[in-house]
Amino acid sequence: MKSSLQSLLQPLIAIVAGLLVGAIAIVIVDGNIVETYREMWNGAFGNFYFFTSTLARATPIILVGLGASLAFKAGFFNMGSEGQMVLGALTAAITAVYIPGPGWFKAIAAIIAAMIVAGLWSALAGWLDSRFGMNLLITTLLLNYIASLFAGYMVAYPFKDSTTNSALSQTQMIDKSVFFPKLFSGMTLHIGFVIAIVATIGLFLFIKYTKKGYEIRMLGGNPLFASYGGVSRGRLMVASMLISGAFAGLAGASDVLGTSYRYLDGSLVAANYAWTGIMATLLANSNPIGTAIAALFLAALQTGGMGMERNTDVPLEVSSIIQAVLILFITAKFTMSFIKRKKAGAKDGSTN
Amino acid sequence: MLLEMDSITKSYGSVTANHNVNFNLRKGEVHALIGENGAGKTTLMRILYGMERPTSGEIRINGKAVAFHDPTDAIGQNIGMVHQHFMLFPAFTIAENIVIGREPTKGLKFDRKTAMEETLNLSEQYGMPVNPKQKVADCSLGMQQRVEILKVLYQGAEIIILDEPTGVLTPIEVKELLISIKKLAASGKSFIIISHKLSEIMEVADRITVLRDGHITGTVNATDTNEEELSKMMVGRELVKLERRKLEYGDPVIDVQSLSIKGAKAKPLLDNINFNVREGEIVGIAGISGNGQSELLQAISGLIPYDQGTITIQGMNVTGASVKQIRESGLAHIPEDRYLWGVSKDATVSDNGIMGHLESTSKYGILQGKLIRNLVSEWVQRFGIKTGSLSTKAQYLSGGNLQKLIVARELAKETPFLIAAEPTRGVDVGAMEIIHGELLKRRDEKAGILLVSSELTEIMKLSDRILVMYEGKIAGELDATVATEEQISLLMAGGKAVG
């Protein structure tokens, strides 16, 4: 009990520090702290429409965060969520547009294809690390650029939407029959949120109660202990990167089928879903349920920021300042754990 | 009386680590503080060194009451402490490590020359030779221990606390250390030594205080007591004499043929190692640490690759096999460094317990909570593992209790072949008795055991056959029933076997 309270303490301190620095920023721009934060709260949760919008925004963030949390739990710093999500979204859009069949079939095929492609893309980095010792952190980061630029090319040339006169690099719009059903009419919230919640609980149970989940936890906790106990690092690395990427692919598919209805070049990158998801995971110390809560908080910060800007003279940037403080806290923690693992890796008999 | 600790009580919530403890120290005396893990020795010394504050009680130095808020206060009263885990900077020289905190300066600059000279003077004055220019990273553990002691002497310590000072030293280094302690005591320094090695205590101490469960069970003069009596005072009961039955050895459980590992340097790490262990036999590997024992164990268990050689376990060729395959062929392994290999510190006791037991504790890939709880709580009872609960994180267990958990886990695999590397390092007498008893029981059950230990007494007590490793080679093989400590020591130091 005590230890779970302690693990909550760190993110709470980070959030409180973020809000305090945000308060200073509000004072500097001559705003009223209480009023500004109230508007922010209202913008995120003030009425049912805003509340469901926040949940809708949280959906891809939760899914990406879950994927990252699985990789982090195993001790692998998967920084490639963005590229994985982009490829997932592209695959989902193309599949949904071109595969024949009824709507529900197209949707399911699109989801599965997106998860497979994104998962393989992510597993590639895992394989490069376990086979050739190429640093995962760096390869996943670099693969982001390849994925984004590749997707950009695909929608600028071969799969460019030719049905309209739009100059945008984007795919055709998917058929209405493939759209994710909305949870409430007139709201943006769609079934993807339900999928995200189910995935959260599923991943939590998987990590805590299954044999593979156990091996992932031990590998992340002390890789030498895991190898001593007969856990094969290479295979588990590829497998956990595969699943991690599949989650990011699901996030991309959920955006295409539930919100955007097509893949538009740069839209996912601009919305910053992937990095926000990674932030949520780091804030929650890779706990799946914590990740979902943190994702919701970060989404609320963004939707609330918009509400704040609408109703006060305080600019949207205050939200960014609060996020920046969170990032500062998280980076310090992340760097420490990365250094710790580097040290452990140096002692690993297999790598010298 | 130089130092008096009067009715010291220290409670952490409901746990009382020290209960009305009275302890004193005369000038020029060596006073040993002994007791099992968790008896409260370390807590008492942390109080004396200002790292903890007592709940009640008083500390007097030369009759004057003092209160320490932190170690700086204690150092100010000329108390110095050498911790069990050395606190040196490996990248710096011996002289730099000794003067740290009170560096001689020239203007604003660190005066390296004076530091060297002062270190040399100090080492000559106390008869503890060191090379001030040598980097600590290049020093043996015995030398590092010496640097630690010189460091506290440099800080002007009159009372020196040594926490498990011989734990990591070779037999020769232990002898040198004990001689140094006696010399320093004769020159007026006073020592408090925390230890569980009774033979060394009997040799060096003037008086001995025994703690059990936070209470003092007695303070005796070393001349008036013996090891059996001390053990009894520590454990609170008679120790059972180990029984080893005469056994017929069976087939080899492991056979190692011409195993070699080239090192990064000119010398190979392992050089043409040949040996076997048979059913019902304990083969002990003696040697000063760093002579290839770690590499040998890691190669056998599949953790590092080797350049040449064949390894057969239970008649199955496992050369180059994965850890998992090797374990399935019949190996259990008590690793030599329990924190590095043996546990995940952030994981719970039960999570640490089921590593390697996943087949029996899971169904369709799902962990069976009830089976796991039954399994691990049975070990906790049988081995007397002190833990808050099964979901306590391993990092909160003391070293001895963690070791018992690892031993229980590996023994429970009931494999025909067991590697036991330093099975009792840092554990107390009671736990050592349990672990030794369990190892002999496995031997009775016809398991073959490869025992690696830097404790000669442990090797001699348990082994049927003794191999001595020196510079990556097996320097000699001895029958344990006739081998003497001198013979083994000589082989360990690179000499030739005599007789």
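The crossing of helix 4 of chain A and helix 10 of chain A is right-handed, a crossing being so called if the near helix is turned clockwise from the far one by less than a right angle. The structure is a predicted model, in which local features need pLDDT of at least 70 and side-chain atom pairs count only at pLDDT 80 or more, while totals for chains, interfaces and linings use all residues. Residues are numbered from 1 along each chain as its sequence is written, with chains lettered from A and ligands numbered from 1 in the order in which they are written.

The axes of helix 4 (residues 81-98) and helix 10 (residues 233-260) of chain A come within 7 Å and cross at roughly 50°. Helix 4 of chain A is therefore oblique to helix 10 of chain A. Helices are DSSP runs of H or I with at least four residues, and strands are runs of E with at least two. Residues of helix 4 that meet helix 10 in chain A include Ser81(A), Gln84(A) and Met85(A), and those of helix 10 include Gly245(A), Asp255(A) and Leu257(A). By class, this contact has 13 nonpolar, six polar and one charged residues.

In chain B, four strands form an open, antiparallel sheet in the order 2-1-4-5. Strand 2 (15-25) and strand 5 (64-66) of chain B stand at the edges with a single partner strand each, so one side of each lacks a neighbour in the sheet. Strand 1 (residues 3-12) and strand 4 (residues 56-61) of chain B run antiparallel and are joined by five bridges; pairing requires at least two DSSP bridges. Ile59(B) in strand 4 is the bridge partner of Met5(B).

Key
Axes fitted to C-alpha atoms, helices over the stretch in contact; angles between N-to-C directions. Parallel < 35°, antiparallel > 145°, perpendicular 65-115°, else oblique. Contact = placed C-beta atoms within 7 Å. Nonpolar A, V, L, I, M, F, W, Y, C, P; charged D, E, K, R; others polar.
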